Amino acid sequence: MRKKVVIMGAAGRDFHNFNMVFRQDEGYEVVGFTAAQIPNIAGRTYPPELAGPLYPDGIPVYSEVELTDLIRQRGVDLVVFAYSDVSYDYLMHRGSMALSCGADFLLLGPKQTQLKAKKPVIAVGAVRTGCGKSPTTRKVASLLKEMGLSPVIIRHPMPYGDLRAQICQRFASLEDLSRHQVTIEEREEFESHIEAGFVVFAGVDYSLILKEAEKEASILLWDGGNNDFPFYQPDLFIVIADPHRAGDELRSHPGETNLRMANVVILNKMDSAPEEGIKTVRENIQRVNPNALVIEADMPISVDQPEWIQGKRVLVIEDGPTLTHGLMPFGAGYLAAVKFGAKEIIDPRKFAIGSIQKTFIQYPHIGPILPAMGYSETQREEMSEVIQNAECESVVVATPANLSRLMPFSCPSVRVTYTLQERGPLTLRSILKDFIRTHQLE
């Protein structure tokens, strides 16, 4: 008899683990995926085109709240946990739920789930969401380009729409973003790369994506999501740590895995983090991965029109995942509003409606900040209504995406940007030069 399996996920790692381990194995029957973290991704079907001949009707995606009922009703033998950026407490509560219903509980590791590329792979990951992966990836891509290489960026999956249309996606222009009807979260990750002249691949089937990307790349750059470990076996693994959340690097899954696997660790945000946090992270790196190269770095923020912050009543919009499951109460937008002398930072919770209100209830740690939760047209409309009702004098936008392209603002908006700036003699440039020389890519 085939063992019955449920894969717990968030529309990313779960699908990849299925493709790599279960899709062609007749010893298992995956009876369903469960969905968490991201709104509106349950209720779909993993389509037959992706699921393969063992699943002619596809595989249903349930809400994670149905997990225990699903285990009991379908006689599930094995539950596979397959999403990221969760605390060890959270992870083992889910494990206990599975075990209490009689099922085994499993984490799949790199050996079974990482693909081997024909081209060299540099991967960027982190110990938590919101550590600074995006600016680090942008810097690595720019340095590789300066050194005469043609990197293609492959982004961790975010298939929140029609899975059939997202099997393998290639983004080379801003028009591609509209054509593929991407969410705000996807725009946050793709826009800056495209504007810098890089091609980005993403989707669902990362074996197919790898084949397509290798056709036009001299080197592959994996841009990680959350704090997941790479889908491709890296030849150089760069991991970012955040001293604002000191200790999370040893109590977050799979952030600690990344820290232990890293070739290079970037101790980031040193310009704004407390000294005690910096000391803790530095000690933890030394304790679990003493052979890693450690780059110390700042992440200074800048704004394009500081005059629209000083003395103004402002509403701050931050990157959604950093605030939600990243558990940050605020980010660069809030810091910019304080730094440039806002008269008042308006609390959006007073005006929250619909799914935005539910987000604040689900994540009560969030401060007076509006998370960019544009996973659907309805959510974008709700965000616009919150902004309108706040009656602010300006909007401080600290998401990597240019939200003014997606929703109208009734007042001026200010863009907040942040870059990675290394301290000391050890830099990404020097490490990449050695990597290129070692792999004979010159």
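The model is predicted, so local features need pLDDT of at least 70 and side-chain atom pairs count only at pLDDT 80 or more, while totals for chains, interfaces and linings use all residues. Residues are numbered from 1 along each chain as its sequence is written, and side-chain values use heavy atoms, leaving out hydrogens and water.

Begin with the open sheet of six strands, which has mixed pairing and the order 3-4-2-1-5-7. Strands are DSSP E runs of at least two residues and helices are H or I runs of at least four, numbered from the N terminus; two strands pair if DSSP finds at least two bridges between them. Strand 3 (45-46) and strand 7 (104-106) stand at the edges, and each has a single partner strand, so one side of each is left without a neighbour in the sheet.

Select residues 3-9 and 28-35 next. These are strand 1 and strand 2, which pair in the parallel sense over seven bridges. Isoleucine 7 has phenylalanine 33 of strand 2 as its bridge partner.

**Nonpolar cores**

Now select Phe18, Phe22, Tyr46 and Ile122, the residues with the most contacts inside the largest nonpolar core, which has 135 residues. A nonpolar core is a set of buried Ala, Val, Leu, Ile, Met, Phe, Trp, Tyr and Cys residues joined through side-chain atoms within 4.5 Å. Buried means under 20% relative accessible area, exposed over 50%, and partly exposed in between (1.4 Å probe, protein chains only). Strand 13 (residues 236-241) gives this core its largest share, six residues.

Centre on tyrosine 46. Leaving aside neighbours within four places in sequence, its contacts (heavy atoms within 4.5 Å) include Phe15, Phe18, Phe33, Leu163 and Val204. Another core, of 17 residues, lies apart from the largest one; Ala10, Ala36, Leu67 and Val86 are among its members.

**Strand 11 and its partners**

Go to residues 200-203, strand 11, where both faces are covered: Val200 and Ala202 on one side and Phe201 and Gly203 on the other are all buried. Strand 9 (residues 151-155) runs parallel to strand 11 and is joined to it by two bridges. Strand 10 pairs with strand 11 in the antiparallel sense over four bridges. Valine 200 is the bridge partner of isoleucine 153 and also of phenylalanine 171.

Within strand 10 (residues 168-171), pick glutamine 169. Glutamine 169 is buried, at 2% relative accessible area. Its side chain makes a polar contact of 3.2 Å with that of histidine 180; a polar contact is a pair of N or O atoms within 3.5 Å, where within protein one must be able to donate a hydrogen and the other to accept it, and residues adjacent in sequence count only if both atoms are side-chain atoms.

Most residues other than glycine have a negative phi, and most peptide bonds are trans. Select glutamine 181, whose phi is positive, about 50 degrees. Glutamine 181 is exposed, at 70% relative accessibility. Finish at proline 254, where the peptide bond from histidine 253 is cis, with omega near -10 degrees.
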